[in-house]
Amino acid sequence: MIEWEVGTHALRVTDVDNAELVVVGDDLGVDGGGSDVPRPVDETVAATASELRFPHAVVYAFSLDSDERYELEDAGGTISLSSGEYVVDVDTDIKTYLRFSGPARIERSAGFDSIVVSFPTRTPIQLGFRSRHELPAATITVPDSPEAVAEALTHLSSSQKTTGPNRTYPTLRGHPPLFEPGESLEIPDHVRGETPNSGVELLVPPTYESLLVTAPLAYYLQATVRTLPDAGIAHEPESPRLRLPVVGVDRRLEPMPELERDVERLLRKTFFLDCLVRNAGPYGTKLAATSLLDALELDPTTLYEASPQRRLSTYLEVPYAAVEHRLPDWHLSTYLEPGYDRLETIPFLLDRLSMIYTPRTSELDGKELVERSLEDFYRGDTDPSVDGRASTGQVASVDIVKPELRNGRVHGWLADGVPIDVFKCASEAYQNRLEYVERTSDSISIQVILNDPEMSGEHDSVAEIYRQRSEVLPMHVTVEESLRTADLARTFEASHDFIHYIGHCETDGLRCSDGYLSTSSLDRCNAQTFFLNACGSFFEGQTLIEKGSVAGAVTFTKVLNDHAVKVGSTFAKLLVHGFSIERAMCLARRRIMMGKDYAVVGDGTHSLIQGEHRLPTTVKIEELEDTDDQFLVTFDCYSTEATGAYYFPHTTDNEYAYLCGRESSFTLSRSELACVLEETEASVIYDGDVYWSEELSTRFDS
């Protein structure tokens, strides 16, 4: 639900998630409710203005008279629109669309803190607003019964805003209702009323294992979920089934554990084909992969207009092998110990459209840990003789296990054990995240704590990174040194968005000038995110999640001081440019030889801020052999918060967009590469190290 009110020279828009948007125009006139915005919106407003100003955002403009599409560049670019009909997409906290007749000019303000849309004269404008629906709109009470869980899963799709292929757009999938335990099944009337009637049925054995594994597929297909005894099927009662009654489809799925593979393939294929078919609609884009539909002899217009059952039945006829090589990497997989006590986490996982697998592990010996670290190592010049973060106390040790990872770019672990290559989550992290979504603040509070003067190298580096970023974003940076236990406790209990702790951690806790602070002694942790860059900080970080934080970076064991500086500074840079905690750490730790000593606890998909690009980008640069002026440049753009989104590489002559999770590669000259790096805010992997694009662009500008 969207509400709006008119103030002096401004239109204030709010939604039920407490998100707020202020549209400013000195001569802004509002004429009441509007209409005719060819995008999915919750509310429209008719206005008149010669200039409108929006908060900093990613901006696209689409011509309604042709296939022309424009994107506002980050570094001082301008979009000049000639006469014609246009829709402008302003990607603010509340999704905003403008429809008008040009000409118009779109640019960033001198301080890059706002978007300015201007017209030669006062022009009628239709404004459309859509809530991102980041907060769940309801709660479903669920008893300890597989039959009740099946019905509850059916209604999680009530948060989706369409039954068509456009549900692949992340902004059209709101946060599902929450689950809470209770004696009887209670589903709010408005949730029942908003649950789509797709006609798709998913019949599952009455086990929590099967129900939780199939939950992502059921949610995306908007399927009615029933347990097999209730479905009245006598033969093969142990085998799940996907049914489309109107078109006569009754597809048998394999029982566990093969059910995991069937669900993964069905969901990935269906989601991908929907991403291609959606471009036949009024707000599609020119995707590079769309040509695959011709090869498969699929008509996108017919499929776009088809009912959910008929569209899905067509997809089922497409062999998985025919699309497998074109599928984007799936963004997130979560390993969940099945059981009623894990049920409350399901809506949060489906909000990220995570695959759900059962956890399996094996022992990991020390040699394998070193080998896995070296596989990801970019640089080979680290001197292992450099002293570690010297400590006379005992460092807590962590028994790491080897997980059996399935498909996924990012992996979360909601089960016993501490596995490598995943973020160790906790159900508390998801609940904590909701609290921070509801909080409003004018600025981001960052606290840097140096509790050992000998580690001033990292302290100086990260403090400068945060301060530089505060010149662009509303960030308040505070630096503290040599805190006592009481002061450090108050810091964690005060409201901060991020705490970067540099110092020592031992079995008694975080070392302070007068002793040790055990995070278990805190009444409450009000730090949204953190980095405990200290030896063996895993258990202290895990406790911070239990006490109120959403996510944080930690270490498993002792770490070398120069390693900590490299990881800390790179992590800081990525974090304040919009990378999630897990992705920032994944890139940062690969700069050092023993990167697997670093890990993430809590909800690793969480991002502290939104960067210039809503979808963080990594660029890989490789020099082509036998030439010093040609480079293979690969773009990797994805976010666990925006599955189904697309990106557009700004390279010479490129005219295609790409689905997030699918890399795109181009051969560029030295000057073209310099231009790309200058215009793209991205992490860059080049010559065995990780850089930021702006610092690397001058190297190729010659």
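What is the handedness of the crossing of H3 and H5? In this predicted model, the crossing of H3 and H5 is left-handed.

**Helices H3 and H5**

- Helix H3 spans residues 208–221 and helix H5 spans residues 258–277; their axes come within 10 Å and cross at roughly 10 degrees.
- Because angles under 35 degrees count as roughly parallel, H3 is roughly parallel to H5.
- On the H3 side, the residues in contact are Ser 210, Val 213, Thr 214, Pro 216, Leu 217, Tyr 220 and Leu 221.
- They meet Leu 259, Glu 260, Val 263, Leu 266, Leu 267, Thr 270, Phe 271 and Asp 274 in H5.
- Sorted by class, the contact of H3 with H5 consists of 10 nonpolar, 3 polar and 2 charged residues.

**Thr 168**

- Thr 168 is located in the loop that runs between helix H1 (146–154) and strand S14 (178–181).
- Thr 168 counts as buried because its relative accessibility is 0%, and the cut-off for buried is under 20%.
- Among the residues that Thr 168 touches are Tyr 220, Phe 271 and Asp 274; Tyr 220 belongs to H3, while Phe 271 and Asp 274 belong to H5.
- Thr 168 also touches Arg 173, Cys 275, Arg 278, Thr 643 and Gly 644.
- With one of these residues, Arg 278, the side chain of Thr 168 makes a polar contact through the side chain of Arg 278, at 2.9 Å.

**Helices H18 and H19**

- The axes of helix H18 (residues 670–679) and helix H19 (residues 693–700) come within 8 Å, and they cross at roughly 160 degrees.
- Since angles over 145 degrees count as roughly antiparallel, H18 and H19 are roughly antiparallel to each other.
- The crossing of H18 and H19 is left-handed.
- Arg 670, Leu 673, Ala 674, Leu 677 and Glu 678 are the H18 residues in this contact, and they meet Ser 693, Glu 694, Leu 696, Ser 697, Arg 699 and Phe 700 in H19.
- By class, the contact of H18 with H19 comprises 5 nonpolar, 2 polar and 4 charged residues.

**Asp 460**

- Asp 460 is part of helix H13, which covers residues 456–470.
- With a relative accessible area of 47%, Asp 460 is partly exposed.
- The side chain of Asp 460 forms a polar contact with the side chain of His 459, at 2.9 Å.
- Val 448 lies 12 residues from Asp 460 along the chain, and the C-alpha atoms of the two residues are separated by 9.8 Å.

Methods:
Residues numbered from 1 in each chain as written. Predicted model: local features only at pLDDT ≥ 70, side-chain atom pairs only at ≥ 80, totals over all residues. Heavy atoms only, no water. Axes fitted to C-alpha atoms, helices over the stretch in contact; angles between N-to-C directions. Helix = DSSP H or I, 4+ residues; strand = E, 2+ residues; numbered from the N terminus. Parallel < 35°, antiparallel > 145°, perpendicular 65-115°, else oblique. Left-handed = near helix turned anticlockwise from the far one by under 90°. Contact = heavy atoms within 4.5 Å. Nonpolar A, V, L, I, M, F, W, Y, C, P; charged D, E, K, R; others polar. Buried < 20%, exposed > 50% of the residue type's maximum accessible area, 1.4 Å probe, protein only. Polar contact = N/O pair within 3.5 Å; in protein donor to acceptor, adjacent residues only side chain to side chain. Lists of a residue's contacts leave out its neighbours within four places in sequence.
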